[in-house]
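Please look over the sequence and the model before reading on.

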Amino acid sequence: MAFAGHDTCEACHTDVVDQKKQGKHVVVSCEACHGAQARHADDPASVKPAKLDTAVVCARCHEANSAKPKGFPQVATADHSGGLACDTCHQPHRPRIDTSAETKSATEGKK
Amino acid sequence: MQIPVEGFMYPNEVELQWSILIVLYPFITGLVAGAFILASLERVFRVEAVKPTYRLALLTALAFLLVAPLPLQLHLGHPERSLEMYLTPHRSSAMAMFGFVYLWYLMAVLLLEIWLEYRRDIVLKSQTTTGAARLIYRVLTLGSSNLSERSLRIDERLGYFITVIGIPSAFLLHGYVGFIFGSIKANPWWSSPLMPIVFIFSAMVSGIAAVMLLYMISTRLRGREIDIRCLDKIAQYLFYIFVIDFSLEMLDLLQRIYEADESFRSLDFMVHTRLWTSQVIVQILLGTVTPIVLLGLTQILKLSDPARKRIYALAGCLTVIGIFAMRWNVVIGGQLFSKSFLGYTTYKMAFATREGLLTAIVLMILPFGILWVLVKLLPPWPDAGSLPASGATLAHGTS
Amino acid sequence: MEITRRRLLVLLPAAAVAWKFVLAGTPEASPNYKLTEHWWGMLIDIPKCIGCGGCVRACAEENDVPEGYYRTWIERYHVTDWKIEKPEVESPNGGKQGFPLNQDSGGKNFFVPKLCNHCAESPCTQVCPVGATFVTPDGVVLVDKSYCLGCRYCVQACPYGCRFINPKTNTAEKCSLCYHRITKGLTTACCEVCPTGARQLADLKNPKDPIHEFLKTHTVQVLKPHMATGAKVFYNGMDGSVR
């Protein structure tokens, strides 16, 4: 078995669960982005999940495509962030950005 | 090996499942069934004229039947497990039940009939030959040594009875192969109640043509005179059965074109492109229409003996090639189009692999090698030199 | 006991049969799972599928699916105007790495995930010569790869193209509905990672299953209903162009 199932992740990572509950990603299971983590769940101390490259992981779902449902949040990443990594502005566990000030401070000086 | 795909195919459909070996299999069992039907013409229907080919037809059937399981074994992912089909068959599977039909036909029909037909010769040979040959013939007698009039008459009666059972068994043998394809509702190229019937009739055509050719070639090789009356009769039966076979195939085609259901557009495109050469040119024009016309000419016109022999030889060759093409078009054709009806793939046939062209060629040559051994062991020639006149052959004509 | 020829003739076959059992081992126990309490199916909600390919990747990882073969895959449809009998369909590498941007965005565009439909009257189990593929009492079509001959008859008989021959084992293979997971109370790998809930496992014998409820109140279809296979993968919001 490669995938642990989100119930297993949520048993330990309660802080992330609380964060996710505040946003749209509450319905997205942990391993959808983090990949199969059964080995980590069996031995959390020695097996650590790899750090994700948001440019790849986020684009898989959110890169604009005409076949995606119209209401689904999608952007043409090249225009949207001008090459910046998604987690520059967005927190993946709670992706909504509340104020334009947050965005401004995060992107200041970067282009 | 990148396989070129046109349009859309379900991702798992791109690679063909059944190769040229599975084309060979119905071709070979077809020859068996057809050869046996020719033999039964003499034995059961008393068509005297074809007697010279009786024994040869039986041996031909046996030679091909022994080779028939080989392409299947070579094709399986796990041939070592194939015995499970006999030990733990799944009764709803046509393929599993066919294994028993094959076994029945081989043991209870063909081998028994050949043994009964040759028993007198085998016993005589076991008494007159020496050395290794004597041992072989003694084993073949299966312990029997009785050559009284009564025992020979029993041979005759039993043989007749087995041939009578053998005719529907031969139809079952090859009709079942047709059913294996025809019962697959997922594949519109195969799924048809006509499939077993078409297979049976094309089998008869190919088997009769093959025995006719083998008779002509072997008689020539032995430097003997070909019995032209025999050939004429065989050709006549070939002609009539061919007309029925052609009508059945055309009926299927015409109905498909007229009804034009969901699959039709896709299948039509496939025939016009990927199957054009093998279906329209080789199978229909060269392999069916031409032999029918040629044979028809011999029925209508009064042609000289040498002319007729040449036409029969040509028609026979074209027929056998045409029926092979038919098997190709059914098996390979059925896998070239997508079940989404939106695309087509290509058959990439390898050469020197387990399921490649070379293997197929070897498997086609093998039955002739076996036939050569059988002919040496059990001479089928009506004018076989060293043996006294066979009481059994005389009995055929009288009882 | 004296070893006579007769005794040996009886003992040896008996020993061979017993040895086969020893070699087969004991199946993994799932004590809380009652076969007769479940009847598995799946719901695919087409308007929710974003074609991210997560399901294809997860399935491949969970079930060791070889490259170039697919236990599940995604198709992208492009339907122009009213021409539902002539859609343009593509499935690059089964949708495993998602889909490239398509330039022509006129007409209808949508994704259709596909998998084994775990048919209640499956044509593939009907044709298997040795019964290596079978339907479980809880409605899952499985393949016993220790028994399969690799004859490919089942691959030919499946109307949906969901079967293939695994080149490593030379046996037939297809979606197993993650049987090793669902019998332990988990969901399938594909449903686990689907970010939008476009794929959801359904237990059609469980009256409290929300998907079961969904099926009763929404317009759903199965693929190729004219084949009468008793398919148990239900598609919500499926266009008539889907093949």
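Q: At about what angle to β9(C) does helix α7 of chain C run?
A: The model is a predicted one. Helix α7 covers residues 210-217 of chain C and lies across β1, β9, β10 and β11 of that chain. Its angle to β9(C) is about 95°.

Q: What is the strand order of the open sheet of four strands in chain C?
A: The pairing in this sheet is mixed. β9 (199-203) and β10 (220-221) of chain C each have a single partner strand, so they stand at the edges, with one side of each left without a neighbour in the sheet. The order is β9-β1-β11-β10.

Q: Which residue in β11(C) stands opposite C:Asp45?
A: Strand β1 of chain C spans residues 40-45, and β11 of chain C spans residues 233-236. The two run parallel and are joined by four bridges. Opposite C:Asp45 stands C:Asn236.

Q: How many nonpolar residues has the side of chain A that touches chain C?
A: The contact takes 19 residues from chain A and 28 from chain C. On the chain A side, α3 (30-34) and α5 (54-62) each supply at least two residues. By class, five residues of that side are polar, three are charged and 11 are nonpolar.

Q: Which element gives the largest share of the side of chain C that touches chain B?
A: This contact takes 30 residues from chain B and 35 from chain C. Elements of chain C that each supply at least two residues are β3 (88-90), α3 (123-127), α4 (153-157) and β7 (164-166). The largest share, four residues, comes from α4(C).

Note on methods: Residues are numbered from 1 along each chain as its sequence is written. Chains are lettered from A and ligands numbered from 1 in the order in which they are written. This is a predicted model: local features need pLDDT of at least 70, side-chain atom pairs count only at pLDDT 80 or more; totals for chains, interfaces and linings use all residues. Two strands pair if DSSP finds at least two bridges between them. Two residues are in contact if their C-beta atoms, placed from the backbone, lie within 7 Å. Axes are lines fitted to C-alpha atoms, for helices over the stretch in contact, and angles run from 0 to 180 degrees between N-to-C directions. Ala, Val, Leu, Ile, Met, Phe, Trp, Tyr, Cys and Pro count as nonpolar, Asp, Glu, Lys and Arg as charged, and the others, Gly among them, as polar.
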